[in-house]
Amino acid sequence: MLVEKRKTTSADIPTASLADMAFLLLIFFLVVTTIGSDKGIDLVLPPEGEVKPIPPQNIMNILINDNGNILIDEEPRFLNQVRDIVKERIARNDKLIVSVKTTRYTPYRVFVAVLDQLKQAEAKKISIAEPEK
Amino acid sequence: MKFKKKPRGVPQIPGASMSDIVFTLLLFFMVSTVIKKFTGLPVDIPEAYKVEKLATKTHTSYIWIDETETVSFDDIPVRSTSEIYDIARQKIERDVQLIVFLRVDRNSKMGVLNDVQQELRKAGALRIFYGTKSKPSAEY
């Protein structure tokens with residue numbers, strides 16, 4: 001018996017809509033992607049239980065009270081003065097450590113604003129002191 | 001003087017490589033996308049001038065503290081701040097490069113934040129980031 005061989009045609013996948021599918025996926029990822037949305041102020045906490053004696057001339061104390069008033073080395077200051085004062089002090093003494101002390105009721109907003117000022121003054125050594133209870 | 005007009009066909013853009021271009025773009029966005037992992041708490045973070053960008057998201061954990069002093073650590077609700085120690089300890093053991101990103105409401109007080117920070121210090125998670133919005137630059 002003779003069976004006639006069927007003619008095979010090459011199977012083709014239609015590629016016309018490929019670009020459309022890729023575009024759809026692309027748009028999805030474009031919408032979902034957020035590049036570098038997390039911004040903030042960088043800080044490294046001191047390790048636990050490490051107490052180093054620091055010569056008092058290398059410490060600058062910043063106190064912020066419950067109402068958000070700022071005291072730098074026993075003198076009341078305005079927020080927008082902090083940057084220049086710190087900058088000047090660092091220029092005189094590059095070993096200066098800026099210690100920021102708050103109370104438990106200091107508004108976080110003011111604390112961040114002071115840190116911002118310190119960062120603007122290029123202070124590298126910032127220490128966050130534990131608040132008094 | 002007479003110029004001979006060049007015979008002109010309809011200009012065509014080759015469409016064959018279009019899908020390749022699209023796929024390249026697609027791959028770029030797929031690789032760079034980090035789909036949001038946590039929902040967190042609704043907080044209104046403060047603004048600052050001199051902000052830095054968080055360099056990595058893979059080594060970052062998030063802590064939310066809202067106005068009512070509710071604390072959430074990567075969507076784990078924290079009832080007392082001492083729980084922070086255990087969570088942070090586990091995370092730092094898994095990844096030494098851990099950065100803790102703090103999203104604290106602008107109207108909250110320093111008390112809770114300080115407790116959280118003390119726990120993080122104990123756990124050895126020392127690199128922290130105070131999340132802020134960036135304000136348009138002031139006079140420098």
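Q: Let's start with A:Asn65: why does A:Asn65 count as partly exposed?
A: Because A:Asn65 has 15 C-beta neighbours inside 10 Å. A residue needs 20 or more to be buried and 12 or fewer to be exposed, so that count falls in between. Keep in mind that this is a predicted model.

Q: Okay, and where does A:Asn65 lie?
A: A:Asn65 is in the loop of chain A that runs between E2 and strand E3 (70–72).

Q: Which residues does A:Asn65 touch, leaving out those up to four places away in sequence?
A: A:Thr103 and A:Thr106.

Q: How much of chain A is buried?
A: Buried residues come to 21% of the 133 residues.

Q: What helices and strands does chain A have?
A: Three helices and six strands. Going from the N terminus, the order is α-β-β-β-β-α-β-α-β.

Q: Which strand of chain A pairs with E5(A) over six bridges?
A: Strand E2 (residues 59–64) of chain A does, in the parallel sense. Within that stretch, A:Ile62 stands opposite A:Val100 of E5(A).

Q: Switching topic: how many residues does each chain put into the contact between A and B?
A: Chain A puts in 39 residues and chain B 41.

Q: On the chain A side, which element gives the most?
A: H1(A), with nine residues. Other elements giving two or more residues include strand E1 (39–44) and helix H3 (108–120) of chain A.

Q: How does that side divide into nonpolar, polar and charged?
A: The chain A side has 23 nonpolar residues, seven polar ones and nine charged ones.

Q: Which strand of chain B pairs with E1(A)?
A: That's strand E7 (residues 127–131) of chain B, antiparallel to E1(A) over five bridges. For instance, A:Asp42 has B:Phe129 in E7(B) as its bridge partner.

Q: What order do the strands take in the open sheet with E1(A) in it?
A: The seven strands go E2(B)-E1(A)-E7(B)-E6(B)-E3(B)-E4(B)-E5(B), with mixed pairing. Strands E2 (52–53) and E5 (76–78) of chain B are the edges, each pairing on one side only.

Q: And how do E6(B) and E7(B) run, parallel or antiparallel?
A: Parallel, with three bridges joining E7(B) to strand E6 (residues 99–104) of chain B. B:Val100 has B:Ile128 in E7(B) as its bridge partner.

Q: Which strands does helix H3 of chain B touch where it packs on the sheet?
A: Helix H3 (residues 110–123) touches E3, E4, E6 and E7 of chain B, and its direction makes about 150 degrees with that of E3(B). There's also helix H2 (residues 82–94) of chain B, lying across E3, E4 and E5 of chain B at about 145 degrees to E5(B).

Key: Residues numbered from 1 in each chain as written. Chains lettered and ligands numbered in written order. Predicted model: local features only at pLDDT ≥ 70, side-chain atom pairs only at ≥ 80, totals over all residues. Helix = DSSP H or I, 4+ residues; strand = E, 2+ residues; numbered from the N terminus. Pairing = 2+ DSSP bridges. Contact = placed C-beta atoms within 7 Å. Nonpolar A, V, L, I, M, F, W, Y, C, P; charged D, E, K, R; others polar. Axes fitted to C-alpha atoms, helices over the stretch in contact; angles between N-to-C directions.
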